[in-house]
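Subject: Structure for you to look at

Hi,

Here is the structure I promised to pass on.

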Amino acid sequence: MAALNKHQTNSQTRLSLVSSVDKKSQITQIRLRIYIPKCYLQVPVISQLISAYGLVVNITKAMLQPNTDKEGYFDIELRGTEPQISRGLDYLESLNLRIVGKPNADGDGWLC
């Protein structure tokens with residue numbers, strides 16, 4: 001039971017980036033920057049969010065450099081229900097990716 005409560009707390013904390021989720025069936029959006037280490041550059045991370053978790057993914061910016069030791073990143077918008085977004089975030093966290101939330105303000109410049 002303690003593990004379940006911890007998971008619920010993590011989901012609630014993560015989903016504080018989601019604008020006003022009232023119903024589990026309501027479509028909402030979250031904006032993220034996902035840092036991709038070199039070892040995942042050939043892994044279809046974004047594709048998995050779409051096919052396995054039913055999320056709509058809009059890539060607004062990407063910086064990937066396959067011939068260096070540096071990590072790359074994606075700025076993305078995820079759209080789906082609260083449970084879909086939560087499961088998608090669980091997947092990203094299971095890969096130990098660094099994830100930074102972005103506010104859902106219209107017209108912001110995506111600056112970190």
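Let's start with contacts, meaning heavy atoms within 4.5 Å. Of the contacts in the protein with a separation of 6 or more, 72% are between residues 24 or more positions apart.

Before the rest, some ground rules. This is a predicted model, so local features need pLDDT of at least 70 and side-chain atom pairs count only at pLDDT 80 or more, while totals for chains, interfaces and linings use all residues. Residues are numbered from 1 along each chain as its sequence is written, and side-chain values use heavy atoms, with hydrogens and water left out.

The protein has three helices and four strands, taken as DSSP runs numbered from the N terminus (helices: H or I, at least four residues; strands: E, at least two). Read from the N terminus, their order is α-β-α-β-β-α-β.

Of the 112 residues, 36% are buried (under 20% relative accessible area; exposed is over 50% and partly exposed lies in between, with a 1.4 Å probe and protein chains only). The largest nonpolar core has 20 residues, and Leu32, Leu49, Ile76, Leu78, Leu92 and Leu97 have the most contacts inside it. Such a core is a set of buried Ala, Val, Leu, Ile, Met, Phe, Trp, Tyr and Cys residues joined through side-chain atoms within 4.5 Å. S1, helix H2 (45–51), S3 and helix H3 (82–94) each give at least two residues to this core.

Now the rings. There are two aromatic pairs in the structure (ring centres of Phe, Tyr or Trp, the last by its six-membered ring, within 6.5 Å; planes under 30 degrees apart are stacked, over 60 edge-to-face, the rest tilted). One of them is tilted: tyrosine 35 and tyrosine 73 sit 5.9 Å centre to centre, with 50° between the planes. Tyrosine 35 belongs to strand S1 (residues 28–36) and tyrosine 73 to strand S3 (residues 72–80), so the pair ties together parts 38 residues apart in sequence. Both tyrosine 35 and tyrosine 73 are buried.

Each ring also has an arginine over its face (for a charge over a ring, NZ of Lys or CZ of Arg is within 6 Å of the ring centre and within 35 degrees of the ring normal). Arginine 33 covers tyrosine 73 at 4.0 Å from the ring centre, and arginine 98 covers tyrosine 35 at 3.7 Å.

Finally, asparagine 96 is not a glycine, yet has a positive phi of about 60°. Asparagine 96 sits in the loop between H3 and strand S4 (98–102) and is exposed, at 68% relative accessible area.

Cheers
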